[in-house]
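Biologist: Could you walk me through reading pockets and salt bridges in a model like this one?

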Amino acid sequence: MPEISPNKPYRIGRSKTGLGLFATKKIKKGDKIIRYMGPLLDSKNKKHDDIDNKYLFEINNRWTIDGSTRKNIARYINHSCKPNAESDVNARKRKVIIRAVKTIEAGEEINYDYGTDYFKIFLKPIGCKCDSCEKKRKKKRAEERAEKLRLRLKAEKKAERLAEKAKTAKTKTAKVSKAKTVKTKAAKSTVANAHARGTGKPTKTKASRTSPSVARSSAKASARGSGVAR
């Protein structure tokens with residue numbers, strides 16, 4: 001690890017993505033922090049085309065800084081989607097200065113936005129681990145958990161309603177069945193009573209159904225035939 005003068009307002013330290021650059025004292029907004037250093041690569045030089053690493057800082061279409069050298073302390077500055085510093089590019093002088101875009105307190109990690117191209121090539125495939133993206137992921141996970149809980153509670157309430165409806169329907173069915181049973185028993189009882197009343201009546205015979213006058217004539221004829229004198 002390269003040595004850093006104690007007069008510098010930064011130090012190399014452990015970050016969530018490996019190593020990072022941290023403020024050792026308060027850095028005010030607009031202050032110069034560090035220069036991005038390294039040999040210049042010329043796009044017109046074919047030998048430079050073979051050089052490829054993740055520390056290449058493009059100044060313009062022709063010039064690029066190869067920041068892979070260990071003397072380049074600025075290479076330890078990590079990317080952030082909501083940074084506290086920025087890269088100030090001077091194409092004419094072919095220089096890149098990292099400046100604070102907001103006040104950075106001692107102990108805070110220094111970061112800047114690497115740009116869209118770098119993000120798509122190196123960071124998007126593995127997922128950006130800056131604080132801003134971590135907060136978004138935490139928020140998304142919390143929302144997903146809340147949605148799962150909401151759906152689970154909704155399903156439980158639906159199940160309770162269905163169970164209650166089934167219970168109510170069962171109770172109604174039982175009441176109707178009981179009413180039918182009572183009605184059937186009542187009907188049977190009525191029929192039984194009717195039958196009982198019918199068997200208690202004397203049955204009319206043929207003689208009893210004969211008219212009184214005919215009965216009397218038959219009696220007289222019987223008397224005459226037997227020789228009984230009046």
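Predicted model: local features only at pLDDT ≥ 70, side-chain atom pairs only at ≥ 80, totals over all residues.

Biologist: What volume does the largest pocket have?

Modeller: Rolling a probe the size of a water molecule over the atoms shows where empty space is left. Here a pocket is an open set of points on a 1 Å grid over the protein atoms alone where a 1.4 Å probe fits, with protein on both sides within 12 Å along at least five of seven lines. A volume is the space filled by probe spheres set on the points, which are joined across faces, edges and corners. The largest pocket comes to about 1200 Å³. Its lining has 45 residues, and Lys54, Tyr55, Leu56, Tyr114 and Tyr118 are the closest to its centre; a lining residue has an atom within 4 Å of a point.

Biologist: Which element gives the most to the lining of the largest pocket?

Modeller: That is α1, with six residues. Helices (H or I, at least four residues) and strands (E, at least two) are DSSP runs, numbered from the N terminus.

Biologist: How do the residues of the lining of the second largest pocket divide?

Modeller: They split into one nonpolar, eight polar and seven charged. Nonpolar covers Ala, Val, Leu, Ile, Met, Phe, Trp, Tyr, Cys and Pro, charged covers Asp, Glu, Lys and Arg, and the others, Gly among them, are polar. This second pocket holds about 310 Å³.

Biologist: And how many salt bridges does the structure hold?

Modeller: Side chains of opposite charge can pair when their charged atoms come close. The cut-off is a side-chain nitrogen of Lys or Arg within 4 Å of a carboxyl oxygen of Asp or Glu. The structure holds six. In one of them, aspartate 42 meets arginine 62 at 2.9 Å, N to O. Aspartate 42 is in strand β4 and arginine 62 in the loop between β5 and β6, so the pair ties together parts 20 residues apart in sequence.

Biologist: Is aspartate 42 buried or exposed?

Modeller: Buried, at 12% relative accessible area, whereas arginine 62 is partly exposed at 33%. Buried means under 20%, exposed over 50%, and partly exposed in between (1.4 Å probe, protein chains only).

Notes. Residues numbered from 1 in each chain as written. Heavy atoms only, no water.
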